[in-house]
Amino acid sequence: MKKIEKKVSRIGVLTSGGDAPGMNAAIRAVVRTGIYNELEVHGIMRGYQGLIEDDIMKLESRSVANIIQRGGTILKTARCKEFYDYEGRKKGYENLKKRGIDAMIIIGGDGSFRGAVKFSQEFNIPCIGIAGTIDKDIYGTDFTIGFDTAVNTAVEAIDKIRDTMDAHDRIFVIEVMGRDAGYIALHSGIATGAENILIPERKTDIDALVTGLQETKKRKKLVNLIVVAEGENFGGADEVQRKILKEIPTAEIRVCILGHIQRGGSPSCLDRLIASRMGYHSVECLIEGRYNVFVGIMNNKMHYIPLENAVKTKGKIGDEWLKIVKILAS
Ligand code: ADP
């Protein structure tokens, strides 16, 4: 990997794009590893918006006390339109220059990394990315911060729904997050014994689903759990319910959309661990001159992937997963 010689002494850290539980643990790791290595660390509020508006403050070790267990992000996050334009990014650069900040750590998703690539190329500011997204859909890493917590929140909620569903012999269609990726649906669905899991990576065969429900009804299997990712291609949980009712008018069917509860809450142990490791290694990257990469973990080893290669993993869910769903729910 290309190494650029440029010693950094004052770094900025921000969280950008969709929030994910565990971002605070990553901020804490960046701040404390930076200070340990005698770097000054500055927190940039509301992602690239705060960079452009010069909403930046120096962080001390104590500034990040008691946050490892908290969801959300103390630096707040935002989507920033101005940063898509060169003029916006230039304003951001001028603020960094004024404050003597010579490198940045960006905690966010692939969109935030794309912004960082442009910024680093235009203004020669080394940037390091930390993958924070509940969707786990970034190529080059087995883990992203927030996924484990989100999926456990979904499992807890679905378990509760299953109790009431079982008491009434109902079909439940539960929609979980995942606009482009079905990992939350797949993992939470398998872990809760779902009969059907509908994900964006596969074309939904709604007729097969309805036929399956009719057959299970004959076999007196009256409880049916269908977990749907929000980006599923038939039209989401409401459409699936409508279609089932059209074909089986007597079906007792309810829809539940889990929504934003999946983004919140105290991060799981795993998310705190990977956030701490990634935060620590992101600072190490800057010290070693390993610039413009994002920090990933593969096969339990740190991986450094060029920021410009940060893309969403698409269609990467193997057929075996769905075979397991079918066999185990029969
Ligand atoms: P995520 O990082 O979670 O994927 P977004 O895709 O919304 O979220 O990106 C977060 C922010 O990163 C955007 O609001 C914008 O400020 C910046 N960004 C994303 N893509 C680009 C791009 N191609 N050029 C410049 N900035 C970008």
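Modeller: This is a predicted model. Start with α7 (residues 206-218) and α8 (residues 236-247), whose axes come within 10 Å.

Colleague: At what angle do the axes of α7 and α8 cross?

Modeller: Roughly 55°. The two helices are therefore oblique to each other, and α7 passes α8 in a right-handed crossing.

Colleague: Which residues make the contact?

Modeller: From α7, Ile206, Asp207, Leu209, Val210, Leu213 and Gln214; from α8, Val240, Lys243, Ile244 and Glu247. By type, this contact has six nonpolar, one polar and three charged residues.

Colleague: What about α5 and α6, what angle there?

Modeller: The axes of α5 (residues 147-168) and α6 (residues 183-191) cross at roughly 45° and come within 9 Å. That makes α5 oblique to α6, and the crossing is right-handed.

Colleague: And which residues touch?

Modeller: α5 brings Phe147, Ala150, Val151, Ala154, Val155 and Ile158, while α6 brings Tyr183, Ile184, His187, Ser188 and Ala191. Nine of the residues in this contact are nonpolar, two are polar and none is charged.

Colleague: Changing topic. Which rings does Lys136 sit over?

Modeller: The charged end of Lys136 sits over the ring of Phe147, 5.6 Å from its centre. Lys136 also lies over the face of Tyr183, at 4.5 Å from the ring centre. Phe147 and Tyr183 are both in the α5 and α6 contact.

Colleague: How many aromatic pairs are there?

Modeller: Six. Ring pairs join Tyr48, Phe83, Tyr86, Tyr93, Phe119 and Phe123 in a cluster.

Definitions and conventions: Residues are numbered from 1 along each chain as its sequence is written. This is a predicted model: local features need pLDDT of at least 70, side-chain atom pairs count only at pLDDT 80 or more; totals for chains, interfaces and linings use all residues. Side-chain values use heavy atoms; hydrogens and water are left out. Rings of Phe, Tyr and Trp (its six-membered ring) pair if their centres lie within 6.5 Å; planes under 30 degrees apart count as stacked, over 60 as edge-to-face and the rest as tilted. A charge sits over a ring if NZ of Lys or CZ of Arg is within 6 Å of the ring centre and within 35 degrees of the ring normal. Axes are lines fitted to C-alpha atoms, for helices over the stretch in contact, and angles run from 0 to 180 degrees between N-to-C directions. Helices (H or I, at least four residues) and strands (E, at least two) are DSSP runs, numbered from the N terminus. Angles under 35 degrees count as roughly parallel, over 145 as roughly antiparallel, 65 to 115 as roughly perpendicular and the rest as oblique. A crossing is left-handed if the near helix is turned anticlockwise from the far one by less than a right angle, and right-handed if clockwise. Contact means heavy atoms within 4.5 Å. Ala, Val, Leu, Ile, Met, Phe, Trp, Tyr, Cys and Pro count as nonpolar, Asp, Glu, Lys and Arg as charged, and the others, Gly among them, as polar.
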